[in-house]
Amino acid sequence: MAEGIIFKGIGGFYYVMSDHVLYECKARGKFKNDKVVPMVGDHVSISIYDESQKLGVIEAIHPRKNELIRPTVANVDQAIIVFSIKNPLPNVTLLDKMIVLAEHAGLKVILCFNKADLDVSFDFEKYQKIYQNAGYDVVKTCALTREGVDDLVALMSNKINVFSGPSGVGKSSLLNAIEDYAVEIGELSEKIKRGKHTTRHSELFEITGGGMIVDTPGFTSLSVSEIEPEQLGDYFPEFRAFAQNCRFDNCQHQNEPGCHVKEALSNRKIPIERYDAYLYIQKEIIEQRRRTKKW
Ligand SMILES: Nc1nc2c(ncn2[C@@H]2O[C@H](COP(=O)(O)OP(=O)(O)O)[C@@H](O)[C@H]2O)c(=O)[nH]1
Ligand SMILES: [Mg+2]
Ligand SMILES: [Zn+2]
């Protein structure tokens with residue numbers, strides 16, 4: 001028995017990467033009886049019955065740590081949130097919302113500011129400061145010149161990564177730039193590439209250094225209504241150390257007395273941009289919940 005990860009599913013076949021070799025596998029009938037549908041990203045045990053043709057059977061699907069719906073992928077570890085420094089300018093409220101949603105989904109967050117070539121007024125440093133202070137890795141890239149792409153690739157190793165971000169920021173261009181690092185997996189991959197324009201399902205590809213990437217950007221809707229208002233502060237990592245000392249355990253960091261988050265704000269230890277985003281998203285959660293509540 002070998003261990004692997006499903007990279008692609010097509011027409012009842014699953015392509016399982018095991019030790020950098022791709023095997024074409026059928027799933028055992030028992031999964032169908034149990035109503036378990038194998039997903040891209042699943043960790044599986046396979047028995048290989050033809051090593052020369054790279055053919056196997058999926059014998060077991062290991063428990064999933066998460067399941068994303070759009071794209072449909074299991075066990076995603078990390079979201080690469082991409083914004084461009086210019087054209088379009090970052091909408092920081094949207095950026096903070098995407099971070100919150102990624103945190104809520106249990107994903108590790110990397111921030112990527114693309115179109116470095118357009119950063120003539122050094123705006124990157126401003127974003128870098130805010131988000132590094134929050135504890136995130138922040139990279140500056142240019143998909144055209146490949147500046148920073150190596151750094152980004154290094155941050156993706158040993159993880160399943162998904163790209164996320166508004167349209168026009170350069171996600172597809174970055175994916176293309178990174179795809180040149182894709183590990184050559186030989187004849188079988190050529191065979192499945194040719195079927196690419198049939199039904200379009202997400203698939204993974206592996207890059208030098210061992211990272212895996214979902215080939216379609218996405219990761220979630222933009223609805224924050226599933227988040228408890230009291231939970232929101234947890235998704236702002238730079239608030240945590242201060243929030244621990246707030247007088248009230250359930251402090252929402254608004255008008256409560258003895259709020260150490262607000263104190264940190266006035267001491268400029270928490271940037272106003274992030275605090276404003278917190279208030280904005282808090283309001284949105286409450287409004288969305290009010291609207292969707294079934295009385
Ligand atoms: N100047 C500049 N343009 C870029 C860069 N990356 C992408 N673009 C351009 O931005 C536009 C949108 O890119 P695309 O990859 O389609 O963005 P997506 O919608 O996020 O997938 C295209 O015209 C790209 O050529 C970059 O690093 N610098
Ligand atoms: Mg695109
Ligand atoms: Zn507080």
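1. Helices (H or I, at least four residues) and strands (E, at least two) are DSSP runs, numbered from the N terminus. The model is predicted: local features need pLDDT of at least 70, side-chain atom pairs count only at pLDDT 80 or more, and totals for chains, interfaces and linings use all residues. Residues are numbered from 1 along each chain as its sequence is written, chains are lettered from A and ligands numbered from 1 in the order in which they are written, and side-chain values use heavy atoms, with hydrogens and water left out.

2. Helix 3 spans residues 124-133, and Phe-124, Tyr-127, Ile-130 and Tyr-131 are buried in it; buried means under 20% relative accessible area (1.4 Å probe, protein chains only). These residues cover an arc of only 135 degrees around the axis, which puts them on the same side of helix 3; the arc is that of the directions from the helix axis to the C-beta atoms. An α-helix has 3.6 residues a turn, so residues three or four places apart point the same way.

3. The buried residues of helix 3 pack against helix 2 (92-104), strand 9 (108-114), strand 10 (137-140) and helix 9 (272-292), contact meaning heavy atoms within 4.5 Å.

4. In helix 5 (residues 171-179) the buried residues are Lys-171, Leu-174, Leu-175, Ala-177 and Ile-178. Their arc around the axis is only 160 degrees, which puts them on the same side of helix 5. Their packing partners include strand 8 (78-84), helix 4 (149-155) and strand 11 (160-164).

5. Ligand 1 is surrounded by 15 residues, and the closest are Asp-117, Gly-168, Lys-171, Ser-172 and Ser-173; a residue counts as near if one of its heavy atoms lies within 4 Å. An N or O atom in the side chain of Asp-117 is 2.8 Å from a nitrogen atom of ligand 1. An oxygen atom of ligand 1 lies 2.6 Å from a polar side-chain atom of Ser-173, and a backbone N or O atom of Val-169 lies 3.4 Å from an oxygen atom of ligand 1.

6. The zinc ion (ligand 3) is coordinated by Cys-246 (SG), Cys-251 (SG), His-253 (ND1) and Cys-259 (SG), at 2.1 to 2.4 Å; donors are N, O and S atoms within 2.8 Å of the metal (3.2 Å for Na, K and Ca). The four donor atoms subtend angles of 106 to 114 degrees, which makes the arrangement tetrahedral, a term that requires all angles to lie between 85 and 135 degrees.

7. In sequence, the spacing of the zinc donor residues is C-x4-C-x1-H-x5-C. Cys-246 counts as buried at 6% relative accessibility, and Cys-259 counts as buried at 8%.

Technical notes
Buried < 20%, exposed > 50% of the residue type's maximum accessible area, 1.4 Å probe, protein only. Tetrahedral: all angles 85-135°; square planar, octahedral: opposite > 155°, others 65-115°. Polar contact = N/O pair within 3.5 Å; in protein donor to acceptor, adjacent residues only side chain to side chain.
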